[in-house]
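Student: Could we go through the pockets of this protein together? I would like to begin with the lining residues.

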Amino acid sequence: MASRKKAPKAKGRRQKAEGRRQKAKGRRQKAKPGWGKFGKALDGVRILDFTHVQSGPTCTQLLGFMGADCIKVERPGTGDITRGQLRDVKGADSLYFTMLNGNKRSITIDSKHPKGKEIIERLVKACDVLVENFAPGTLDRMGFTWEHVHKLNPRMIMASVKGFGPGPYEECKVYENVAQCAGGAASTTGFREGPPLVTGAQIGDSGTGLHLALGIVAALLQRNRTGRGQRVLCAMQDGVLNLARVKLRDQQRLKHGPLEEFSQFGEGIPFGIAVPRAGNDSGGGQPGWILKCKGWEADPDAYIYFITQAPVWEPICDLIGKPEWKTDPDYAKPPARLPRLKHIFATIEAWTMTKTKFEVMDICNQHDIPVGPILSMKEIAEEQSLRDTGTVVEVDHPIRGKYLTVGNPIKMSDSPCEVKRSPLLGEHTEEILTKVLGYKAKEVAAIKASGAITPAEK
């Protein structure tokens, strides 16, 4: 009854919020001419991008968003393998490639060709950072060991993504889901009765790329003091573990007794020797669960995450029609509620099932009750506020046409980000040879004739 009375207020709040959003958008538009008057954050930094697939390209694209000049080196004729993977438009680069390689220039070089190696050496001398995510030992076999790169350019920062750090597995090739498993995430994801699960978030590939970008920026800052470059290594196993650190926390807590915020504690199920899979239990100590909302029978995303945070327990009781729980000794205090979480969330769900996930969010936010709707990728793609902030961006490609991509997740007040489309294969080869490396027209013609930048004849 109380929630129905407050529905008009919720509508009014949405209208006010929309008004504030439009005003903020107007302020951003007015402010644009003054943004970046001293250049973008990484203007003047040049990246030699030897990356492919996802982990490395995530890193270099982020640096490109911040203003770095990213020169992507690709194999003549084929390029990054993801150009053709999961292709949805015939003859066009796949979304897998386009969404990870915006804000870059592409040059094609045959690294096995003597002239190709000469071009790469000149690029090493002209760039600030070399980023690679080849299989272990690949760059060494190409002749570009750290020692050789450092000799060519003592200021060069050489950044690498590898599957594992030094140890028994360092020579192993690693992909996204392998990293999730080796980093501890999969063993703690899923429901207790089922097998381990990987998450849809690319915490192994993209997560490690984000870590590497931070390491590169830190190395650039240190170079300002020392004048020397250095090696930066991010192992995918390490990156996943860093993102799963709360589970390592729980592993140590487990030595001192059961994890009482886990629902299995309330069900009387003993804990084993390792942190179990916890379904939708919250990992932050505040009990939470995913609950059905109105329309769940037909909509697989009609759910909401609901946290029974202690400071707002009384408003929760009022909303769900259980005011007596506020004083009942079995429910009034958090420790008393822990063995009863399954029943508590079932009772809350009976209430959420009478409302859409957005109605639940509107009502709960009035009382500072932390909830989050399960948003589908379709809903995210169509969310206007994400377009307004540049988190989701529509880009026009000369072959595939318009497509959506994820913009810079890091917003900087004095460093505007313009999201540019991914380059065509070798699109900037001649431009880089002449304007970056200083080759003359006759030299470029000779390079083309040599086969160093063109596909080998079959």
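Student: By class, how many nonpolar, polar and charged residues does the lining of the largest pocket have?

Tutor: Please keep in mind that this is a predicted model. The lining of the largest pocket has 19 nonpolar, 15 polar and 12 charged residues.

Student: Which residues lie nearest the centre of the largest pocket?

Tutor: Those are His52, Arg75, Gly79, Phe134 and Thr138, out of the 46 residues that line the largest pocket.

Student: And what is its volume?

Tutor: The volume of the largest pocket is about 1200 Å³.

Student: Which helices and strands each supply at least two residues of that lining?

Tutor: They are the strands β2 (69–74) and β5 (157–162), together with the helices α4 (114–126) and α5 (138–141). The largest share comes from β2, with three residues.

Student: Turning to the second largest pocket, how much space lies in it?

Tutor: About 910 Å³. Its lining consists of 28 residues, and Met99, Ser206, Met377, Thr405 and Val406 lie nearest the centre.

Student: How do the residues of that lining divide by class?

Tutor: The lining of the second largest pocket has 18 nonpolar and 10 polar residues, and no charged residues.

Student: Which element gives the most to that lining?

Tutor: Helix α2 does, with four residues. The elements that each supply at least two residues are α2 (55–65), α3 (95–98), α8 (205–226), α16 (377–382) and the strand β11 (401–406).

Conventions. Residues are numbered from 1 along each chain as its sequence is written. This is a predicted model: local features need pLDDT of at least 70, side-chain atom pairs count only at pLDDT 80 or more; totals for chains, interfaces and linings use all residues. Side-chain values use heavy atoms; hydrogens and water are left out. On a 1 Å grid over the protein atoms alone, a cavity is a set of points where a 1.4 Å probe fits but cannot get out, and a pocket is an open set with protein on both sides within 12 Å along at least five of seven lines; lining residues have an atom within 4 Å of a point. Grid points are joined across faces, edges and corners, and a volume is the space filled by probe spheres set on the points. Ala, Val, Leu, Ile, Met, Phe, Trp, Tyr, Cys and Pro count as nonpolar, Asp, Glu, Lys and Arg as charged, and the others, Gly among them, as polar.
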